[in-house]
Amino acid sequence: MVAALELYLDPDATRRIRVLWDALEAEGVQSMRSLLERRHRPHVSLAVAPRFDPEQVAEALRGTVVAAPLRLDFQHAGQFVGRVLWLGPAPTPELLAHQRLVSDRLTAAGIPLAEHYQPGRWVPHCTLSMRVPNALMAAAVRRCLEVLPLAATVVGAALTDHARGIAHPLP
């Protein structure tokens with residue numbers, strides 16, 4: 001399991017993604033709804049690491065509004081190697097600059113981030129499933145396209161490490 005710095009979405013966008021999770025489940029695709037005893041919350045992760053020290057992260061981000069009220073326009077569905085299905089917001093200059101700011105602050109504090117979360121490599125996304133059966137991937141992507149476009153606003157942020165039971169809200 002990994003630790004993440006998560007951006008949470010407004011209630012309407014969250015509801016729409018949860019409805020999509022239900023639709024995927026009905027088609028035999030295990031969604032994020034089923035993980036973590038149904039405590040998983042739709043989000044976009046700005047940073048991921050094998051482990052975060054909450055106090056070190058708080059110090060690194062002091063004075064930074066992690067939950068900046070960014071507008072996210074989810075316009076596409078995608079997949080990562082390993083059967084991971086996701087919705088992606090348009091990578092606006094504001095979103096990319098915000099991710100770079102957070103990443104730079106964490107890196108300057110000596111907090112190593114996962115390589116695919118480095119600025120310039122990061123693909124903004126909201127994970128829907130991590131275990132899509134190959135035979136169901138095309139149908140799952142079609143189901144995702146039915147909910148797009150999906151507009152969202154960032155309304156909160158937290159540092160999470162579900163393996164260690166950490167969920168610290170961030171400003």
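Predicted model: local features only at pLDDT ≥ 70, side-chain atom pairs only at ≥ 80, totals over all residues.
Entry 1, the core. I looked up the largest nonpolar core, which has 52 residues, and found that Leu5, Phe52, Phe74, Leu87, Leu106 and Leu128 touch the most other members. I then followed phenylalanine 52 and, leaving aside its neighbours within four places in sequence, listed its contacts as Ala3, Ala4, Leu5, Ala47, Val57, Ile111, Leu113, Leu159 and Arg164.

I traced α1 over residues 11–26, where its 16 residues reach 23 Å from the first C-alpha to the last, close to the 22 Å expected at 1.5 Å a residue. At its N-terminal end I found aspartate 10 as the cap, with a side-chain oxygen 3.1 Å from the backbone nitrogen of aspartate 12, and just after the helix I noted that glycine 28 has a positive phi of about 90 degrees.

Which residues of α1 are buried? I listed Ala13, Thr14, Ile17, Leu20, Trp21, Ala23 and Leu24, and I noted that what covers them includes the strands β1 (3–9), β4 (84–89), β5 (126–129) and β6 (150–161), together with helix α4 (137–145).

I placed leucine 96 in helix α3, residues 93–108, and recorded it as partly exposed because its relative accessibility is 36%, which falls between the 20% and 50% cut-offs. Apart from neighbours within four places in sequence, leucine 96 is in contact with Pro91 and Trp122. Its C-alpha atom is separated by 26 Å from that of leucine 20, 76 residues apart along the chain.

Note on methods
Residues numbered from 1 in each chain as written. Heavy atoms only, no water. Core = buried A, V, L, I, M, F, W, Y, C linked by side-chain atoms within 4.5 Å. Buried < 20%, exposed > 50% of the residue type's maximum accessible area, 1.4 Å probe, protein only. Contact = heavy atoms within 4.5 Å. Helix = DSSP H or I, 4+ residues; strand = E, 2+ residues; numbered from the N terminus. Expected span 1.5 Å × (residues − 1). Polar contact = N/O pair within 3.5 Å; in protein donor to acceptor, adjacent residues only side chain to side chain.
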